[in-house]
Amino acid sequence: MNEQSLELPSWRLKPPASVPELKEAFRLGARWLKGGRLEVAKFALSHPYEVAFASAREVAERAGVSTTTVMRLSSDLGFEKYAAFQQLFREELRRGRQ
């Protein structure tokens, strides 16, 4: 398998709509989450507030990976832009405050 491409399950036709769906996508794709992508996934789930408000570059620095790795993971998950991935975390934080 090409390390540059994360192969998510074939049922994944659209990006996760919530953080719980994201966690499930990571769980189901665990054997494909390797290296930097795994570090980004772990960082995102452990630091949702930072992902919600930090740039892709800042997340990359904090996760110890390249900005490209952050962008590739969000793209592999079906998000057109990092901002859409980020919005998932913002919505989760809003739900938690209600």
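Predicted model: local features only at pLDDT ≥ 70, side-chain atom pairs only at ≥ 80, totals over all residues.

Visitor: How many helices and strands are in the protein chain?
Guide: Six helices and zero strands, so the order from the N terminus is α-α-α-α-α-α, with helices (H or I, at least four residues) and strands (E, at least two) taken as DSSP runs numbered from the N terminus.

Visitor: And how do H2 and H4 pack?
Guide: Helix H2 (residues 35-46) and helix H4 (residues 56-63) sit at an angle of about 105°, with their axes 9 Å apart. Axes are lines fitted to C-alpha atoms, for helices over the stretch in contact, and angles run from 0 to 180 degrees between N-to-C directions. The two are therefore roughly perpendicular, a label for 65 to 115 degrees (under 35 is roughly parallel, over 145 roughly antiparallel, the rest oblique).

Visitor: Which residues of H2 and H4 meet?
Guide: On the H2 side, Glu39, Val40 and Phe43; on the H4 side, Val59, Arg62 and Ala63. Contact here means heavy atoms within 4.5 Å.

Visitor: What about H4 against H5?
Guide: H4 packs on helix H5 (residues 67-76) at about 110°, with axes 8 Å apart. That makes H4 roughly perpendicular to H5. Ala56, Arg57, Val59 and Ala60 of H4 meet Thr67, Val70 and Met71 of H5.

Visitor: Switching topic: what's in the largest nonpolar core?
Guide: It has 25 residues, and those with the most contacts inside it are Val51, Val70, Leu77, Phe85 and Phe89. A nonpolar core is a set of buried Ala, Val, Leu, Ile, Met, Phe, Trp, Tyr and Cys residues joined through side-chain atoms within 4.5 Å. Buried means under 20% relative accessible area, exposed over 50%, partly exposed in between (1.4 Å probe, protein chains only).

Visitor: Which elements give two or more residues to this core?
Guide: Helix H1 (19-28), H2, helix H3 (48-53), H4, H5 and helix H6 (82-97).

Visitor: Which residues is Val51 in contact with?
Guide: Leaving aside neighbours within four places in sequence, Val51 touches Phe43, Ala44, Val59, Tyr82, Phe85, Gln86 and Phe89.

Visitor: And how much of the chain is buried?
Guide: Buried residues are 37% of the 98 in the protein chain.

Note on methods. Residues numbered from 1 in each chain as written. Heavy atoms only, no water.
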